[in-house]
Amino acid sequence: MDRVILVVDDDPILHEIAGEILESEGFRVMHAYDGREALQVLGAARCSLVLCDVFMPNMDGFETVQQIHARWPRLPVVMMSGGNAYQSPATMLNTARLMGVSAGLAKPINRERLMSKINETLAADQPVQEDIA
Amino acid sequence: MSEVLMEEPPILDRQRFDELRASCAPPVFNALVETFTDNLPLLLHQLRACASRADADGVRSIAHQYRGFAGSFGAKRLEAIASRIQNTEPLDPSAILEAAAAIEVVAPDTLEAITRAMQPDP
């Protein structure tokens, strides 16, 4: 079965970089540019893992994770953040961990750290995207 | 927006830039750079338009885009300015003009630094 990663970020460059890295590692990549779009994609396609940014228009990463876990509680999410003026990426990603995300990834991403998080998460979580009835 | 940075970050963090280059196949990296360099002036145009109508939400949104682009490429000074704009409260008309002016100064330097970094080592 294809291993499919849904990348959720409003930054088109991030999509290009993550897509290039993940596809070269044998993953199929789907794209969404905010949380709402991510939920639409997940409603129509089966994914192995969601790679999601925190700051996005329309629906931010925290709300997106809550909504994903309400519908697909076993679908792993790796949260990305570059932080902001008030919170470092580490603080923000700790918050995300408390909300149940599988792993946090500080921006900017690179191949080594991205693949390490993705592979660790997929190995640990045995991901299944199943709708809860 | 009026605070002075004690130590300005570099225009381009070559380590981050080269790390990104190493993460991608050369044609993809070249396309990414082209996307970045094409988008910098477009965003500047949009920023000027938002600044001229004191559109704080628009300026903040453009700063967010600048920050994402700049962060990926290691354009540290542009990223720092964009981050400050994004997090300035309130973003009143004078802060908007100051933000636009800061980006106007740094964007061309960033483009130049990236162009230099793309050239082969002598």
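Here are some questions and answers about a predicted model with chains A and B.

Residues are numbered from 1 along each chain as its sequence is written, and chains are lettered from A, with ligands numbered from 1, in the order in which they are written. Because this is a predicted model, local features need pLDDT of at least 70 and side-chain atom pairs count only at pLDDT 80 or more, while totals for chains, interfaces and linings use all residues; side-chain values use heavy atoms, leaving out hydrogens and water.

Me: What ipTM does the predictor give the complex?
Reply: Two scores come with the complex, and the pTM is 0.83. For chain B, the mean pLDDT (the predictor's confidence in each residue, from 0 to 100) is 87, and 94% of its residues reach 70 or more. The ipTM of the complex is 0.76.

Me: How much area do chain B and chain A bury between them?
Reply: Start with the contact (heavy atoms within 4.5 Å), which takes 18 residues from chain B and 18 residues from chain A. Ser23(B), His64(B) and Asn87(B) supply 31% of the area that chain B buries against chain A, more than any other three residues. Buried area is the accessible area (1.4 Å probe) that two parts lose on being put together, summed over both. Here 57% of it is on carbon and sulfur atoms, and the total is about 1,500 Å².

Me: Which helix gives the largest share of the side of chain B that touches chain A?
Reply: Helices (DSSP runs of H or I, at least four residues) and strands (E, at least two) are numbered from the N terminus. H1 (14-23), H2 (26-52) and H3 (56-73) of chain B each supply at least two residues of that side. The largest share, 7 residues, comes from H3(B).

Me: Which residues of chain A does His64(B) touch?
Reply: His64(B) sits in helix H3 of chain B. Leaving aside residues up to four places away in sequence, His64(B) touches Gln86(B) in its own chain, and in chain A it touches Asp10(A) and Phe55(A).

Me: Which residue forms a salt bridge with Asp53(A)?
Reply: Side chains of opposite charge can pair when their charged atoms come close. Asp53(A) is in strand S3 (residues 49-53) of chain A, and its partner, 54 residues apart, is in the loop between strand S5 (103-106) and helix H5 (111-125). The distance is 3.3 Å, N to O, and the partner is Lys107(A).

Me: Which residue does a cis peptide bond join to Lys107(A)?
Reply: The bond has an omega of about 0°. The residue asked for lies in the loop between S5 and H5 of chain A. It is Pro108(A).

Me: Where is Asn58(A)?
Reply: Asn58(A) has a positive phi of about 70° although it is not a glycine. Its place is in chain A, in the loop between S3 and helix H3 (61-71).

Key: A salt bridge is a side-chain nitrogen of Lys or Arg within 4 Å of a carboxyl oxygen of Asp or Glu.
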